Amino acid sequence: MKSDIEIANSVKLLPITEVAKKLDIQDDDLELYGKYKAKISQKPSPKTKNLVLVTAINPTAFGEGKTTTSIGLADGMSKLGKKVCLALREPSLGPVFGIKGGATGGGMAQIAPMEDINLHFTGDMHAITTANNLISAILDNHLMQGNELDIDLDNIIWKRCMDMNDRALRYIEVGQGGAKNGIPRKDGFNITAASEIMAILCLAKDMADLKVRLGSIIVAYDKKGNAVTAKDLGVVDAAAIVLKDALKPNLVQTLEGTPAIVHGGPFANIAHGCNTIIATKLAMSVADYVITEAGFGADLGAEKFLDIKCRVAGIEPKAVVLVATVRALKYNGGIKKEDVAKEDLLALKKGMPNLVGHIQNLRDVYGANVVVAVNRFITDTDEEIKMIEDACKEQGAVCALCECWAKGGEGSIELAKAVLEAMDKPSKLKYSYDLDMSVEDKIFAVASKVYGASAVEYSDKAKESIAKINKLGKDNLPICIAKTQYSFSDDMTKLGRPTGFTMTVRDVEIRGGAGFLVVVCGSIMLMPGLGKKPSALGMTIDADTNEIKGLF
């Protein structure tokens, strides 16, 4: 069986200028990055409302194929004669070299060139990292040059970042080595995908909005407790200059030549998990149908897409595709990892509440038209597939098989037809909370309605943070809950559909520029670590041909 990279390299891609013509994008609006990549300078002016969100049940270590299904669905719609465009996120090098993998799909449902997209692409991740660390450098220099803003060294909240999983950098000390080397203080790193600059890029509407958001970043507090912002440091325009090209969306293609706009890459377990508003609206400007995705399970990515991104952007999906796999549901039902390929109807039945919980949330809490996409694997039996179809039928949800990994767009025709039918049904987006609710009430609304919690407990630090948020008048912001992706709850061991549990909030952090509050729950970290055997250790590159192997 060929690997993903071998499949991708076997396909002859279209010149990116030809892909752009499918969307009526003119050559003058393209900035070419070689033959198969380009940035788009065209300004968004949405014409269609045919937006489809793809999300999934809670993920497992096996991978459920959410991005693969998104790509397959777009190819399937294209085969049905629809003018369609994907709007996806960019991969982070952390997962690429770690264990999760990239974000370009798999098998015959991939976006390409996959090596470029998964690695440095057009430099957006580097620009975001640089802008973030520019603010850090200016901040530390300000301290060194006399601290005119009277910043409290024990109350600096801005962290450096890098696009890599490196747990050793979570907590560090800077300014060591004497007076010429800066002011000693505690610091740390977040991964770039969890940085506020990433969130700002993804939620900004244009350069003017980007600058306002950059200026609103709270980097520290002074000795009187007042917020100190990036605007106070005078670094806004410099950071915006670094992000000038990163603000432009990237155009690539699927293996079948379907256009794909790939831009922005926040994680959904520690950030808001959606591609940029600019990219989504641009896709809605140049295509009749737009397929986008949100990270991890629907309790994380879809919740944040609907409660944060849709609210900010003024958009809403006409249908939501919920990706499920037999093996993931069996795992949620308690089957051992080594046995997931074996038929086990009892384990599948026990794990089915995970699927049902997500269907009910999307339908009842958010008012969405739900289509369940069963991403089929060769080990799935007809009896197992039927059990999923029956469960969907009981919930009044449409269920469609998807075999895009093996068959590309041809294997997604059934799903594409089901989605098109669902989009014709009336729907009206509802939010899980109102912005004028208290911080605690907003947290409880998501925890109870979406996660199934019966109570929320707050650490002393979290209580202090909420008091500060209220004092600063930031309590009217939406919330972005950072928790494990493996469970509805904040405990990754609680599989299936746990209910009646108590969720623990460790801290609540202000993201003034992004315009939301990060609610840190359970043991989630904003800088991931590498596993015992990172994927990076299995990668090779030929010294003569530059051929890469081991990259999926």
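Is S465 buried or exposed? S465 is buried, with a relative accessible area of 15%, where buried means under 20% relative accessible area, exposed over 50% and partly exposed in between (1.4 Å probe, protein chains only).

## Model and conventions

This is a predicted model, in which local features need pLDDT of at least 70, side-chain atom pairs count only at pLDDT 80 or more, and totals for chains, interfaces and linings use all residues. Residues are numbered from 1 along each chain as its sequence is written, and side-chain values use heavy atoms, with hydrogens and water left out.

## S465 and helix α19

S465 lies in helix α19; helices (H or I, at least four residues) and strands (E, at least two) are DSSP runs, numbered from the N terminus. Apart from neighbours within four places in sequence, S465 is in contact with D507 and V508, contact being heavy atoms within 4.5 Å.

Helix α19 lies across β20, β22 and β23 and runs at about 40° to β22. Angles run from 0 to 180 degrees between N-to-C directions, with axes fitted to C-alpha atoms, for helices over the stretch in contact.

## The four-stranded sheet

The strands β20-β22-β23-β21, in that order, form an open sheet with mixed pairing; two strands pair if DSSP finds at least two bridges between them. β20 (455–458) and β21 (479–482) are the edge strands, each with a single partner, so one side of each has no neighbour in the sheet. From one strand to the next the twist averages 40°.

β21 pairs with β23 (residues 516–521) in the parallel sense over four bridges. In β23, L517 is the bridge partner of I479, and V520 is that of A482. Helix α12 (residues 298–313) packs on the sheet and touches β21 and β23, its direction making about 170° with that of β21. In a regular strand the side chains alternate between the two faces of the sheet. In β21, I479 and I481 point one way and C480 and A482 the other, and all are buried.

## The second largest pocket

The second largest pocket has a volume of about 1200 Å³. On a 1 Å grid over the protein atoms alone, a pocket is an open set of points with protein on both sides within 12 Å along at least five of seven lines, a cavity is a set where a 1.4 Å probe fits but cannot get out, and lining residues have an atom within 4 Å of a point. Grid points are joined across faces, edges and corners, and a volume is the space filled by probe spheres set on the points.

The lining of this pocket has 37 residues, of which I157, K159, K461, D507 and E509 lie nearest its centre. The elements that each supply at least two lining residues include α19 (460–472) and β22 (502–511), and β22 gives the most, with six residues. By class, the lining has 18 nonpolar, five polar and 14 charged residues. Ala, Val, Leu, Ile, Met, Phe, Trp, Tyr, Cys and Pro count as nonpolar, Asp, Glu, Lys and Arg as charged, and the others, Gly among them, as polar.

## Cavities

There are three cavities of 30 Å³ or more. The largest cavity has a volume of about 50 Å³, and its lining includes R511, F516 and V518. α7 (196–203) and β23 each supply at least two residues of that lining, which has seven nonpolar, one polar and two charged residues.

The second largest cavity holds about 40 Å³ of space. Among the residues that line it are L306, Y366 and K428.
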